[in-house]
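Trainee: I have a model open and want to check my reading of it. Can we go through it together?

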Amino acid sequence: MGRGGVGGDNSNREAYLRLSVTVLASFARVSQVAATDEMVSKIPLILEVISNESDSSFREECYEFLFLVSAAREDGIITLYDSGGVNVLASQMATLPDGSHVMELAMKLVQLIVSKLPAGKVHVDHPSELSNMVVAIAKQFALLQDALKFDALYLLSNILSSSYSGPVHAVLQSMTCGEWSTCIRVGIMDVLQNRVAPAEKLQALVLAECAMSIAGKEWLIGSTILPFAHNSFPDNRCILLVLESSRVEIAVILNELAYLKYEASKRLPPNAEIFLVKLRNLGVAFSLVEMIIKLISKFGENEESNSTCILTESTLTKIIGGLNETIGAVLEYLHDAKDHGDRKGNDLLASVRIVGSYLAEAPSACEEKIKELLGYMLCVEGEDESSPFQSISFLLPVLCQITMDKDGCEIFVSAGAFRAVVGCLISLIDSSHSKIDSSTIFLACDTILNLLLKREEVQFSLDNLCYVELLQALSRWTEDTIDTSVIMMASSICSLILDTTCEEALLRHPKFKPDNLIALSQLLKRSLVTCGQELTSDDTNTNTNTEADLYQIVSSGYSSWAERFPHVKLVVEGGANFVRQS
């Protein structure tokens with residue numbers, strides 16, 4: 001057996017090998033024998049036999065021996081790994097009969113390797129081989145209708161949801177044939193549409209999230225046709241099943257969390273481990289719902305794709321109905337937290353995020369509840385936060401949209417959102433990170449600008465400290481930039497603020513110094529003179545309508561307040577070719 005070989009013809013050799021492996025496999029069924037050094041030492045030989053005799057009739061005994069001995073003691077799986085077991089499994093699994101006992105043993109070996117070796121080792125060392133195993137296991141997940149299907153489900157989830165799975169994801173993304181993703185889609189639909197234990201449905205959602213992180217949001221509406229399987233799933237079934245299962249999961253988990261926090265805690269403090277598990281599961285369901293929101297938003301923006309897409313009007317109606325129910329449940333949870341005076345926790349922060357994501361696409365949804373809860377949501381803090389910065393950031397897209405009309409501005413003002421958004425903007429500008437999220441900064445600026453333009457309509461009075469800190473922050477933001485859009489956005493907000501006060505009142509404020517006035521004056525000069533000349537020049541190809549509109553706000557505002565700010569006027573007009581707008 002092994003490298004030495006056996007004399008005689010091939011039939012004798014085959015018989016000898018079969019007998020040897022069968023005897024070894026029989027011995028390995030006794031756990032005490034399987035754990036001996038002698039049995040572990042045979043692992044490399046059995047791997048060699050599998051590699052050289054891939055079509056042999058005793059392949060099942062080989063896999064049985066490898067599994068029993070590798071599982072019998074800690075160093076058994078290490079010996080399997082060091083002897084090239086991953087390479088052998090990766091090359092062999094695609095050739096094993098579907099649903100066979102030998103396939104089951106191979107999958108158990110993969111599970112041992114992934115779970116028993118140091119975290120992430122196989123992901124980092126063998127991403128290509130592990131990806132090939134994923135392809136083979138995914139096929140079993142799609143085809144089988146027995147217990148092995150659920151083994152495949154858990155194994156795929158363990159491999160693809162690992163924090164070390166990045167290299168494996170990259171290999172799967174690069175594969176020209178995406179059959180693995182179709183197999184996972186079909187398998188998940190099988191699980192979600194049948195009566196299975198809640199744990200299996202949750203695991204299917206975990207796997208769906210992994211598939212989308214690899215293949216993109218469009219995975220939800222991909223093909224369900226496999227060349228080796230007969231199925232009759234409608235094209236829209238996957239997205240509807242995932243949404244409905246996520247909706248149910250969210251409702252159940254939120255109820256459980258509310259009970260743990262507000263009822264059970266009256267007797268005993270919540271079990272931290274149980275709470276974290278529920279929070280992790282909630283995160284999976286929230287992530288799936290958020291990806292569905294982004295997917296329907298994408299097709300809503302692209303009417304051409306929408307016309308040929310499986311997301312028909314009927315399907316979209318069902319999706320929107322499911323999303324409304326989901327967000328309604330989340331808002332009820334937030335309302336309960338508000339009633340209990342609870343505003344800190346990652347569960348609440350995640351709830352605000354999903355609400356913000358949906359309202360960004362449907363700002364008029366759940367209008368009465370939003371009106372009631374907006375102020376509270378702007379105060380929610382994550383577990384490790386000292387301010388509600390992230391909650392405000394999550395809500396900025398919808399805040400920007402609702403402030404585009406008077407009614408929305410009134411809701412915004414009554415919720416105390418102006419100070420919250422200003423604080424968020426100042427934090428973004430003063431962020432210590434080397435790369436500031438410019439899109440979020442512009443969202444905050446647009447929101448502030450929208451309100452300031454309607455300030456008189458909604459009878460909104462600026463808070464002195466708030467606008468002083470905002471003027472200072474906007475001056476700092478533009479100090480070293482040559483970006484016209486940044487300069488015009490900052491100066492337009494400053495111009496609208498200056499229209500509400502005068503230089504003397506501004507300088508009387510204890511936090512506003514002469515240096516701040518100089519910096520503010522320089523900003524306004526740059527926007528009115530340098531940027532103004534660019535925006536009003538003949539060459540307008542590089543200028544946007546937005547920047548031109550902002551210039552009009554600054555220049556018309558300047559005409560209104562210039563006499564009340566003599567030092568600013570001196571800087572702006574001193575020696576400059578500036579034409580005041582009437």
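Trainee: Is W561 buried or exposed?

Mentor: First, this is a predicted model, where local features need pLDDT of at least 70, side-chain atom pairs count only at pLDDT 80 or more, and totals for chains, interfaces and linings use all residues. Residues are numbered from 1 along each chain as its sequence is written, and side-chain values use heavy atoms, with hydrogens and water left out. Buried means under 20% relative accessible area, exposed over 50%, partly exposed in between, with a 1.4 Å probe and protein chains only. W561 has a relative accessible area of 0%, so W561 is buried.

Trainee: What kind of aromatic pair do Y558 and W561 form?

Mentor: Rings of Phe, Tyr and Trp (its six-membered ring) pair if their centres lie within 6.5 Å; planes under 30 degrees apart count as stacked, over 60 as edge-to-face and the rest as tilted. The search of the whole structure finds four aromatic pairs. In the one formed by Y558 and W561, the centres are 5.2 Å apart and the planes stand at 80 degrees, which makes the pair edge-to-face.

Trainee: Which helix holds both Y558 and W561?

Mentor: Helices are DSSP runs (H or I, at least four residues), numbered from the N terminus. Y558 and W561 are three residues apart, about one turn of the helix, and both lie in α29.

Trainee: Which residues form one aromatic cluster?

Mentor: W561 also pairs edge-to-face with F565, at 5.4 Å centre to centre and 80 degrees between the planes. F565 is buried at 0% relative accessibility, and Y558 is buried with a relative accessible area of 0%. The cluster is Y558, W561 and F565.

Trainee: How far apart in space are A548 and M488?

Mentor: A548 is found in helix α29, residues 545-561. A548 counts as partly exposed, because its relative accessibility is 30%. In sequence, A548 and M488 are 60 residues apart; in space, C-alpha to C-alpha, the distance is 8.7 Å.

Trainee: How are α13 and α15 oriented to each other?

Mentor: Axes are lines fitted to C-alpha atoms, for helices over the stretch in contact, and angles run from 0 to 180 degrees between N-to-C directions. The axes of α13 (residues 179-192) and α15 (residues 237-262) come within 10 Å and cross at roughly 50 degrees. Angles under 35 degrees count as roughly parallel, over 145 as roughly antiparallel, 65 to 115 as roughly perpendicular and the rest as oblique. So α13 and α15 are oblique to each other.

Trainee: Which residues of α13 make the contact with α15?

Mentor: Contact means heavy atoms within 4.5 Å. On the α15 side, the contact uses R237, C238, L241, V242 and S245. On the α13 side, the residues are R185, M189 and L192.

Trainee: Which residues are in contact with N281, leaving aside its neighbours within four places in sequence?

Mentor: N281 is found in helix α16, residues 272-301. N281 is buried, because its relative accessible area is 18%. With those neighbours left aside, the contacts of N281 are L202 and I253.

Technical notes:
Helix = DSSP H or I, 4+ residues; strand = E, 2+ residues; numbered from the N terminus.
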